[in-house]
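User: I am new to this structure. Please show me how to read it, one feature at a time.

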Amino acid sequence: AMTAVYLAAGLGLLKFFPSARKSIRKYPFAFALAAGFFGTLLFALAAVGLLNFPAVFVVFAASAVVFRKELAEALGDLKACFPALKSAVAGPEGIAAAAAAGFIFTYVFITALTPPVYYDTLVYHLGVTERYLSAGRLINMPENVFSYFPQMIQMNYAAYLLMSGELGVKLFQFMFAVMSLSAVYGICRGAGASWKTALILLVSCPLFAMNAARPGAELPLAFF
């Protein structure tokens, strides 16, 4: 539900960028805008001591109401993409792309059910964020130099931790993988290149699969 609100809010914000709104890559653009919008908004809430469940719930509930038309648009587009997916898996390239995607989805689903073990996740990406949540605001952590790094993505993690726990954070991280694939698809379609080959090359990269399920800065950086 939160991810749907992200996409809806991003589509709403794309009204200020008409060319991107009409682009085949409108959803990667929308997700990028939403991550920046909510990350900045949550950072502001944390700065004034309002990083808590009621405040974050109000933010996302209000966003769902404000961007309800875009929410319906996103759900409609999702339904419309299924027939296109069936035709896309025809032929050797399509079958290979579908098999690679299926492997990644299975891997991410299984790893999303396990506790995080990545050093950066424990010490910084979730460790620092959870301390902010415990305090309900931004706090100074001179003992952890990583807390002085930019916090936009971590503020998005904070919302998911409050609303759905670590599993929600991992699924949010996975959306960066989905949107990266969508962006590559759009770029290849616009350039007249083989998008199936490009997607196979991307999903078969071990680092891509590894970072698709663990909270960290690598995949968001690659996406942006």
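User: How many helices and strands does the chain have?

Analyst: This is a predicted model: local features need pLDDT of at least 70, side-chain atom pairs count only at pLDDT 80 or more, and totals for chains, interfaces and linings use all residues. Residues are numbered from 1 along each chain as its sequence is written, and side-chain values use heavy atoms, leaving out hydrogens and water. Helices (H or I, at least four residues) and strands (E, at least two) are DSSP runs, numbered from the N terminus. Here the chain has twelve helices and zero strands.

User: What is the radius of gyration of the chain?

Analyst: The radius is taken over C-alpha atoms; the globule rule is 2.2 Å times the number of residues to the power 0.38. For 224 residues, a compact globule would have a value near 17 Å; the chain has 18 Å, which agrees. The C-alpha trace spans about 55 × 40 × 25 Å along its principal axes.

User: Is T3 buried or exposed?

Analyst: Buried means under 20% relative accessible area, exposed over 50%, partly exposed in between (1.4 Å probe, protein chains only). T3 has 19%, so T3 is buried. T3 lies in helix α1 (residues 2-13). Across the chain, buried residues make up 44% of the 224 residues.

User: Which residues does T3 touch, not counting those up to four places away in sequence?

Analyst: Contact means heavy atoms within 4.5 Å. With those neighbours left out, T3 touches Y160 and M175.

User: And F109: buried or exposed?

Analyst: F109 has a relative accessible area of 55%, so F109 is exposed. F109 is found in helix α6.
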